[in-house]
Every structure is written in C-alpha cells, then in structure tokens.
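This report describes selected packing and pairing features of the structure shown below.

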Amino acid sequence: MRPSHRMAAGQRNPDMRNPYLIYAAKRLLQAVAVILLAYLFTFVVVSILPGDPVTNVLRDPQNGFTEEQIQAIVAAQGLDQPIPVQLWTSLSHFLTGDFGLSMRSSRPVATLIAEVLPSTLILASAGLAVALVVAFAIAYGTQLVPTRFGGGALRALPSLFLSVPNFVIGLVLIHAFGFQLGLFRVIEPDSAWATAFAAIALGIPISAQIAEVLIANLDHEARQDYAAVARSRGLGQARLFARHLLKPSSLPVVTVIALTVGEVLGGSLITEAVFGRTGIGSLVQRSAAAQDLPVLQAVVALAALVFVLVNLVADLVYPLLDPRLTLVGPPRRRADTADDTAAADLRTVTG
Amino acid sequence: MTEHHFPSRRGLLAAAAVLAGTSALPLPALAADGPRKGGDVVFLIDSLGPTWIPNNSAISSFQGHIWGHVTDKLAYVDADGKVSPWLATRWEQNADATEFTLHLKEGVTFSDGTPLDAAAVVANLDIWHAGRIKEGINPIGLFPKTYDRAEAVDLRTVKVHFKAPTLGFIPTLGYHGSILISPKTLAKPASQQADLARTAGSGPYLVAAWKEGDFVKLVKRKDYKWGPEAVGHTGPAYLDSITYKVVTEPSLRVAAVQSGQADIAYNASPQELKPLKEAGFTVATPRYLGFVNGWAINTRLPPYNDVKVRQALQAGIDRQEIIDTVYTPDWKLATSFIQSNVPGATDHSALLSYDPAKAERLLDEAGWTRGRGGIRTKDGKPLTLTLYSNPYLATSKAVDELVAQQLGKLGWKVDIRAYDVVTFGQKVAFGGPAVPAYEVTRSFIDAGTVASILTSANNGENWFALGDSDPTLNDLRDRIAGAKSHEVRAPLLDELQRYVLEQGYYIPRTQIVQRIYVQSPGLKGETYNGIAYASYYTAIKGE
C-alpha cells in the first residue's frame, strides 16, 4: 500500500504540485481497488454462510408460514437467483452509488449509515484524543520522572494497557462512575459524561501503542548529541522535551495513528456494545447477525475507504512535519514500515 | 402512595417496602380521587427487532411491545385467553363459521386523521392475508389461510368470508399480527413503511422519536378514547411517555432498574428473580397462550416407535425438579401439552406425574435391559435420546442437562446438541431423520388449530411423523376442524389432549414463560394480554 518510490518524482521536479497530484491519483486508484475487493470479499463471505436473512426469520416456527409462502417471499427478494447473478445485481447498483435497501429492516442503507455515523465519529475522535493525551502524558512522564520514583512504573503502563481488553475497562468505568458515583446514566450513552468514559475505555488500549513508539523515540532522541549539547547548556528536562525532543519523536506517531484507525474502528464496535451506544459498531453487529449483506458491504466499503484515506493523509502529512523530506532524497525514507527505526535511520543520515 | 421530594434509589426502595405491604389493597388507579396522571417510563429491552414494516414485524417478539401501544386491535384477548370486544363492538357468525360480521366502534381515527372505518378494516384484513410479497411486505403467517375476502357493508360493518369453518378467526383479531394500521400507511412502499415514525396507528401512544437499534420514544395521544373495556379504562393513557431503550446486556438492564435509572427490565434471567423480588421489585412472568415447552416425539425413529418407550419417557421426567432447579416458583407445572390458561385446556396432570418405577417397568417390558454402566440395551443397541436444545429459549439447554440426568438414572444415554438459530433451523425439524424429540416453543391463536398441525393432512406439520397413520388422531383432528361451536369442540379437545399424552406423542416439560419483566415498585397498574405483552396504557407511576 505504501510505494517505496512515492516521492521520487517530487525530487526531480521543483514544482511539487503535479507529482503530488499524480501520487494522490495513484493512491486513490489503489483505494478504489481496495474498496472493491473489500466489497467482493464481504459478498463471498456472507454468501457462503448457511441460510439467508429472509428465511432465517421466516423459518422461525413461531411465525407460522407455509413452505409455499416462504418460497414466494424468497423468490420476490431475488434470493433464489444464482450467486453470480446476485453479485452482479448488487455490484451494478453499488457502482452507481445505490447501496440499496437493508434486507433486515427494508430501510435505505445510506439512511442507516447516516443515522449511526455521527455517534461513531464522535466516539472515535474522542477516543483518539484520549489516546494521544494519555500517550503523551506517559511519554513525558518517562522523560521527567526518574526510574526509582515511578518512571519505571510509567514505562510498564503501556504493556498493562495493552493487556487489558477495552471491554473490561468499559465495564469497570460503567460500574464505578455510572452506577456507584452516578456521574452518567447507563441508559443515556450519548450524554457528555458517558461519551467521555466510553472514549477513555476506547482510548486507553490505543494509547499504549502510541506511547510505546513515542517513548522509544524519545529515548533515542535523548541519547543524541544535540540533546547532550542542549543539556550541557543548562536546558531543563521539561524545556528539552518540549522544544527539542517532542517534534522529531512524534513523527512516527503519525504513522502509528494511521495504523490504529483500524483498531479505533474495531474498538468502537466493542466499546459501543459495552456502553450501549448506537453507532456503526452496533449496526454491523445487528447486520452481521441477520446476514444483512447490503449493509455489511456498504459498511466494509466505508471502513476500507476510511482506512485508505487516513493512511493517504498520513503519507501526505509526513513531509509537512519533517521539512528535510523535501530537501534531501526522501525516496528511501520510511517507505513501508511504521516503526521508529526507519525514521531514526533517516534522521541519522540526513541530520 | 408515599411522597419523596428527592427520588433516589433509597427512596424507591422505601417505596418498595411500603408498596409491598399495600399490594393487597386495590390499585391506585381505582382510588376515589382518580389515578395519578403523568410520568415517564423507561423500558429496557434486549433488542428492537429487525424491521418496522407492520406486517413483517407484528408477530416478532420485540416490536410487539411498541405495536401494543401505538396500534389497536378489533378484539382483546386477555391473559386467560378470554376474547372481548375492542374496536369491533360486537360480531356475528353464520352456522358454519365461514362468515363473520364485525360491527365497528364509532369515532375512531388513526393518528394521521384517517377514520378507522369498514374500508380501513378491509384494507388491513387483505394485507394480513396476502401481504404484497413482490414489494417485500409479507403476509401474516398466523392469519387464517382459509381467508377468502372481506367487504365493507357500510361505514361501520365488515363482512368476512372464509373458504372453510374458521372458529379461530375472532381470537385471531386479538392476537399479535392483527394490528390496525392506517390505509394511508399500508399504501406506502415497504421502504417507507419501514420508517416507524411514518406509520399511523390508532393506539393510545404516538411515536415521538426513534432510532434504529437504539430507542423508540412514545408520547400519549391526548384525544384517545377507545381503549378495550376489558382493562377497565378507555380514555387517554395516564403516563405521558414510554421510552423503549435497547440495552443488550441483561445484567445491565436489571442493574439500571435497581439503581433507579429505568423502570422496567425485560428478559432478566430466571435465577435473578428471587433476590429482586425480595428487594421489593415487581417480577412478572406472564404466560402466553400456546403449547407448553416440551418435545414432539418422532414415532418413526426407533426406539420411539414403541409406545412403551414413549410412555416411559413421559413417566421418567421429574417436572417439579425442573421448576425447582432451572426456574422459580413463577413457572408452572405442565398440566397438558397446551398451557393451562388456554381456553379448552384441560388438566391431565395425572398423566404427567413422575413415576420412575413405572418408567423402569415399561422399559423392562419393552425389552430394554440394564447393561454395562447402567445403560439399557436391546439387541446390542443402547437406549439413546438425542436432544437439540431450542435456540429460541435461553433456558432450554439447562433443562436438557437436568432431564439428561433424570433419564440417565433410568438407563437412558442422552446426548445434547446445542445449535445456533441458523443451524438449528436447517438441521432440526419435526420428525427429522436424526431428531427423536423436537423441542417446541410455540404460541397459537386458538386451540382449534392445534389438531391440524399435528398430522400431515392439509399442509399440517406432521409433528409426530405419524403422517395419516393414526386413525384416532385423524378422527379427532377432523371433528375438531369441522366443529361449528365451542360446545361441540370442548370435549373433543379434551379427548385430543388425553390421547396425545397417553400415547407419549408429546412430552411436556414445563409451562413456558418467554417474557420476563422486572419492574420498579413505583410503577403499577400495567396489564398483560394473551401473548404475555405488557401494556402500560393503564399504568401509573408513583414516586
């Protein structure tokens, strides 16, 4: 997904706009391919599952349908058609921007997604904000607090956060702040307090990944000559952190954030279930349980789109954070890895 | 009622204690100074079901709660199966029970202003019967398939024609599924009917707001004045609003009611009920009208083709232990293979008593002798029973495990298979080749429809894999279907129940409770209908 030669053209041409556009267009084409593949994959996976959304409901003996009635309904929904025909019908509608009707609720898929998207976007961005604040606070702490006064414990926090599933954090928060302290009502999961706690539950495990990368980079930067020089000139640890270490260390964080988008989306699904929020996660859950193919396809395509776009934005933002990328040969830089060593190597070379 | 200026959990619990003490007194709704009006109620529910197209959702378990408040029906069926007039003030039928004339209440309107007249009723009957399948609007599966047509004789009179005697028609009108919807809504395409906010009913509440999979908020309709006489109130509802809110986690629903954040928790687990009751919460376990939970036995599959083995099974189950172990005293012992509150159900408890000695004797007589490990064998084959836990009933597997122990003592080797809904639907069927016992959970409209399900005639479901081979059962089936009055039918139904139980065709476990309500003590006066749905139309909320 990340071409190693991505900015090569940019270096030969002083005008950055065209190569940028070509690059962006290429990535967009890739995005379209990824989305279509995700769409096909969803279709295949759901189609090979036993049963279909219509008969699953109709065959509940409680409903009292005769076999003839069931067959007539299945035929009217086109579910008796061969799989390739069903795929072609759905794909041709999808390509014209028509996501169709949900098989479960008979409502337009676009409406269903529009209904739940804001809730998920709010939770995901709040969760990401929490993750960033927590990660930077921990990383900052590791640089300031000596190991014997708890700095070591701070370094252990990310591993702890990673190993506690976010639904456990969620349940603990609900119990403590919802039921015991009464800060929010469990039945109003969209209230400010409830959203804040949901964001904490979502953000904490994600903060761990960001914090780990950030700490590793801060440690690396703190060992550099320029940091030693700064310290020898009497610069305090706090100012050193804020002025010199933070910016170079946060560069890989952008990549990590882009990569955690998948986890933010996946985590939202679980966090939504725990807190009872109605977002994309709960829509996917209901649709998956009902084998509601049109909704699942649209959501998977949307998730693929978000993932691809966020990564694209991250790539495009990189040169802005590190001006050296536009001055010295960036083609080889960080390319297809997300870890800090690539960025560090680059800086060692160019710096 | 107690008055608290600061409603709190402690306040609720205090109120609970007081109310528990006064629960024997008449309901506040009947007090001289009139019931307390106003109040908002929050009902926590596990799901709001898949769709809101009225036809496709009316008999689904979850949406029925909302439809019961947003729509009305032509007849009212109470928790004892008693049918009484509602929007149909009276009705007549011909001698053959093939033609019914319904007389409608005057002045009833849907919330979109359309009058609820004979034409509206005809439009509803037609769509219940046939749906509009091509458009994705299903028929109502339980509506009598003998329906021919309906006509509006005048503004207030509807005549309904059937192709065959249909004594169950009037009870059907009080059943889920038979909800009256404005003809304007019915004329809309499926995708618009699926938007609950656009659906107009004539019920005591209106949909104020809703979000799929999240909540439905109902507010009372102020000009409502046509409630069912049977619930003792016909004017506008007392409560201002009812909010149905999805909380999927069962313990969270109960905890929210315990902490005073909500008023009703739906589908609590049976094990939680006792402490909740003791803490002063109202626990309701209404029974629907239908079959008891039990097995339809496949009489084609050895050894269950032997009546003695079936009878041993009937006598070898300790039903009281099921209630004591898996359930609570709120569950009732089966007295027949249909629930005891169904009109026409008769008490055959004697046939269902636990008698392990009798069971052992019957198995000995049938040639099944104890072998190694206590398992009985015959001709080298072990006595086995494979149970497929019903995925629609949460407690099914626990009951299976207990029954497996009980039968194990008698020499049975019991295997339990627990499938998900989809797999169950595909692999497990009445009389299936590897299915000796099909676990039934099913409500029905009228005991008269029972007999025709049991055999294969007229698209029957052939529950016992008998086909048309049992002349006694066939004869009872035909005489019950042809009965033109309830007086003729009642003794036949009694005979059917006795015969099916004696033959061990149906092995009841317990009477079934599929809807469990845990309610805060401040809420009073709700009613439960024949399908065990709670209605808060008559409910009031204290503090």
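Predicted model: local features only at pLDDT ≥ 70, side-chain atom pairs only at ≥ 80, totals over all residues.

Five residues lie between the strands in the hairpin of E4(B) and E5(B), and among them B:Ala97 has a positive phi near 60°.

The pair belongs to an open sheet of four strands in chain B, with the order E4-E5-E7-E6 and antiparallel pairing. Strand E4 (88-93) and strand E6 (147-154) of chain B are the edge strands, each pairing on one side only. On average, neighbouring strands of this sheet are turned by 20° against each other, direction ignored. Helix H4 of chain B (residues 118-130) lies across E5, E6 and strand E7 (157-162) of chain B. Relative to E6(B), H4(B) runs at about 175°.

## A three-stranded sheet in chain B

Another open sheet of chain B has three strands in the order E14-E15-E16, and its pairing is antiparallel. Strand E14 (369-370) and strand E16 (381-382) of chain B are at the edges; each has a single partner strand, so one side of each is left without a neighbour in the sheet.

Two bridges link E14(B) with strand E15 (residues 376-378) of chain B in the antiparallel sense. Across this sheet, B:Arg370 stands opposite B:Arg376 in E15(B).

## Helices H10 and H12 of chain B

The axes of helix H10 (residues 307-315) and helix H12 (residues 356-365) of chain B come within 8 Å, crossing at roughly 165°. Because of that angle, H10(B) is roughly antiparallel to H12(B). The crossing of H10(B) and H12(B) is left-handed.

On the side of H10(B), the contact is made by B:Lys308, B:Val309, B:Gln311, B:Ala312 and B:Ala315. H12(B) contributes B:Lys358, B:Ala359, B:Leu362, B:Leu363 and B:Glu365. By class, the residues of this contact between H10(B) and H12(B) are six nonpolar, one polar and three charged.

## Helices H6 and H7 of chain A

In chain A, H6(A) and helix H7 (residues 151-163) have axes that come within 8 Å and cross at roughly 150°. H6(A) and H7(A) are therefore roughly antiparallel to each other. The crossing in which H6(A) passes H7(A) is left-handed.

From H6(A), the residues A:Ile138, A:Gly141 and A:Thr142 meet A:Gly151, A:Leu154, A:Arg155, A:Leu157 and A:Pro158 of H7(A). The contact of H6(A) with H7(A) comprises four nonpolar residues, three polar and one charged.

## Domains of chain B

Chain B is divided into two parts: domain 1 covers 40-286 + 516-541, and domain 2 covers 293-511. Taken over C-alpha atoms, the centres of domain 1 and domain 2 of chain B are separated by 32 Å.

Where the domains meet, domain 1 of chain B gives 19 residues to the contact and domain 2 of chain B gives 17 residues. On the domain 1 side, helix H5 (169-172) and helix H9 (273-278) of chain B are the elements that give two or more residues. The side of domain 1 of chain B that touches domain 2 of chain B has twelve nonpolar, four polar and three charged residues.

## Contact between chains A and B

How many residues of chain A are in contact with chain B? There are 35 residues of chain A in the contact, facing 39 residues of chain B. Helix H3 (53-58), helix H4 (67-76), helix H6 (109-144) and helix H12 (280-289) of chain A each supply at least two residues of the side that touches chain B.

H4(A) gives the largest share of that side of chain A, with four residues. By class, the side of chain A that touches chain B divides into 16 nonpolar, 13 polar and six charged residues.

Definitions and conventions:
Residues numbered from 1 in each chain as written. Chains lettered and ligands numbered in written order. Contact = placed C-beta atoms within 7 Å. Nonpolar A, V, L, I, M, F, W, Y, C, P; charged D, E, K, R; others polar. Domains from an automatic or database assignment. Pairing = 2+ DSSP bridges. Axes fitted to C-alpha atoms, helices over the stretch in contact; angles between N-to-C directions. Parallel < 35°, antiparallel > 145°, perpendicular 65-115°, else oblique. Left-handed = near helix turned anticlockwise from the far one by under 90°.
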